[in-house]
Amino acid sequence: MSYRNKTYVIFDGDNDIWAYAYMKGWKQSEHIEFDFHDAHDLRPLTDRASEQTVRERLHQRFSNSKQAIVLIGESTRNLYKFVRWEIETAIELDFPIIGVNLNGSPKDDAELCPPLLRGRYVVHIPFKAKIIQFALDHFPDEYVKRNVTAGGNRHYNDSVYTRLGL
């Protein structure tokens, strides 16, 4: 069962665009059934667009989404202009958030994780198509059913990875 709502993908557009490109390729070649918005594909905007204009466009994309993926790379935690705002917006909208570690870690990487995600009910997974699909299929329902006072980072145990052949 694949999650039917659109997924908002948050990432460092300068350094981690390669990972987003892989995701688009997986969607085609491995038939991953999720739909996502490219927050950095703002073709109608020019370099002269104000920060407020960019945020308004990004907010429109959020309005069509119900969950978020944060691609966590080497510099994600240090980005404050748009990535931080996008994470804050996903939290304010109470979106289930999937932290995808580009370094392959299956758990929260304290050195790379953006401070806004630390201690929150976010599932952390490695950058692999099958576990991303698994998280999209299962984490939103888990998130909705969680105890709202529950905190702490989530991760999947080894049996999930074994079952997926990872």
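Modeller: Rings of Phe, Tyr and Trp (its six-membered ring) count as a pair if their centres lie within 6.5 Å; planes under 30 degrees apart are stacked, over 60 edge-to-face, and the rest tilted. This is a predicted model, where local features need pLDDT of at least 70, side-chain atom pairs count only at pLDDT 80 or more, and totals for chains, interfaces and linings use all residues. Residues are numbered from 1 along each chain as its sequence is written, and side-chain values use heavy atoms, with hydrogens and water left out.

Colleague: How many aromatic pairs does a search of the whole structure find?

Modeller: The search finds ten. In one of them, Y121 and F139 have ring centres 5.9 Å apart and planes at 15°, so this pair is stacked. Y121 lies in the loop between β4 (97-101) and β5 (123-126) and F139 in helix α4, so the pair ties together parts 18 residues apart in sequence. Helices (H or I, at least four residues) and strands (E, at least two) are DSSP runs, numbered from the N terminus.

Colleague: Are Y121 and F139 buried or exposed?

Modeller: Buried means under 20% relative accessible area, exposed over 50%, and partly exposed in between (1.4 Å probe, protein chains only). Both Y121 and F139 are buried.

Colleague: What is the geometry of the pair that Y121 and Y143 form?

Modeller: Y121 and Y143 are tilted, at 6.1 Å centre to centre with 55° between the planes.

Colleague: Which charged end sits over the ring of Y143?

Modeller: The criterion is NZ of Lys or CZ of Arg within 6 Å of the ring centre and within 35 degrees of the ring normal. Here the charged end of R146 sits over the Y143 ring, 3.7 Å from its centre.
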